[in-house]
Amino acid sequence: MAANVETMFSVREKPWHGLGTVVAEALSSKEALISAGLNWNVVQEPIFTGMEEEISGYKVNVRDVDRKVLGVVSDRYKVIQNTEAFAFTDALLGEGVCYETAGALQEGRKVWLLARMPHEYIISGERISPYLLFSNTHDGTGAVKVALTPIRVVCNNTLNLALRTAKRSWSMVHTGDVREKINEAKDTLLRAETYMDGLGKEIDRLQKRKMSDREVKEYIDMLLPLDEGFSAQQTKNIMRLREDMQARYFDAPDLQDVGKNAYRFINAVSDFATHAEPVRRTANYKENLFLKTVEGNPLIDKAHQMVCAA
């Protein structure tokens, strides 16, 4: 498991990011809370100087089970407990909601849960299943974030495109009446419907945008550029990655009937971005891949921008 992943579970098999404890089926919120190692609370305590003088305006967030210090925050910071995150998603998605993965990063400073949304969509003849990501930080460095991650069921590739017409993520800060803000966020389902409708229209548009084989190869070269200062080994590595991405466009079984168009190209880039073996595997490679998958991958967005600009 990557160094920054503290605890985590996933369903049936280790998914694209290869992290976590595997469970047989999706879990309820109570089961997921335990399997993900998130069954703890954050308590806020005062901070003192070495002379035992209390420092006004700040508190320290501490994990109750092991006294782990998660971060120093202003006294305006409101804690959102892990149980509240699951309760929000339970209330939002209704009875029977199941969690596919959840966990903690960076020794509990960041937590997340990923739940399958209640409805699948058939877009251009394909099953696309939307997932809801709820992420939160306990160290004061980030906001509560809710994001939508649509996944092509046939190949487990993400289609979380940054659309101009609809947002796929929104957030709220840890100040003011945070619980009221969470209640307001219950228009998430409406936002999800808007995004999925926009995604369907975008897929139709991408399918109509024909691409020649030459254009595909040129775009791949642009996505994976060669620099004049590269060493022979670096050049060899880039060429290997280009060949990998080309194979995912020209040879992928699930894309043979899609046609030679921008939608096929975006799917090839998504497959490469989420499944390709890296040139150099860092200690946090799988964790970073997971975060890009659920929060949005810059390479996929760049490919989308390229085909839309042409």
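**Figure 1. Surroundings of Val 111.** Not counting residues up to four places away in sequence, Val 111 touches Leu 38, Trp 40, Asn 82, Gly 103, Ala 104, Phe 134, Ser 135, Asn 136 and His 138, where contact means heavy atoms within 4.5 Å. The model is predicted: local features need pLDDT of at least 70, side-chain atom pairs count only at pLDDT 80 or more, and totals for chains, interfaces and linings use all residues. Residues are numbered from 1 along each chain as its sequence is written, and side-chain values use heavy atoms, with hydrogens and water left out. Val 111 lies in strand 7; helices (H or I, at least four residues) and strands (E, at least two) are DSSP runs, numbered from the N terminus. With a relative accessible area of 6%, Val 111 is buried (buried means under 20% relative accessible area, exposed over 50%, partly exposed in between, with a 1.4 Å probe and protein chains only). Val 144 is 33 residues from Val 111 along the chain, and their C-alpha atoms are separated by 9.9 Å.

**Figure 2. Strand 7 and its partners, strand 6 and strand 9**. Strand 7 (residues 110-116) is mostly covered, as 6 of its 7 residues are buried. Strand 6 (residues 99-105) pairs with strand 7 in the antiparallel sense over 6 bridges; two strands pair if DSSP finds at least two bridges between them. Within this pairing, Ala 102 has Leu 113 of strand 7 as its bridge partner. The hairpin of strand 6 and strand 7 has 4 residues between the strands, and Gln 106 takes a positive phi near 55° there. Strand 7 also pairs with strand 9 (residues 126-137), again in the antiparallel sense, over 7 bridges. Here Arg 116 has Tyr 131 of strand 9 as its bridge partner.

Figure 3. Strand 3 is joined to strand 4 (residues 54-63) by antiparallel pairing over 6 bridges. In strand 4, Asn 61 is the bridge partner of Gln 44.

**Figure 4. Packing of helix 7 against helix 9**. Helix 7 (residues 262-275) and helix 9 (residues 298-309) pack at an angle of about 165°, and their axes are 9 Å apart. This angle makes helix 7 roughly antiparallel to helix 9 (angles under 35 degrees count as roughly parallel, over 145 as roughly antiparallel, 65 to 115 as roughly perpendicular and the rest as oblique). Residues of helix 7 in the contact include Phe 265, Val 269 and Phe 272, while those of helix 9 include Leu 299, Ala 303 and Val 307.

**Figure 5. Packing of helix 4 against helix 7**. Helix 4 (residues 188-208) packs with helix 7 at an angle of about 110°, with their axes 6 Å apart. Helix 4 is therefore roughly perpendicular to helix 7. Ile 203, Leu 206 and Gln 207 of helix 4 make the contact with Ala 262, Tyr 263 and Ile 266 of helix 7.

**Figure 6. The whole protein.** The protein has 9 helices and 12 strands. Of its 310 residues, 51% are buried.

Key: Axes are lines fitted to C-alpha atoms, for helices over the stretch in contact, and angles run from 0 to 180 degrees between N-to-C directions.
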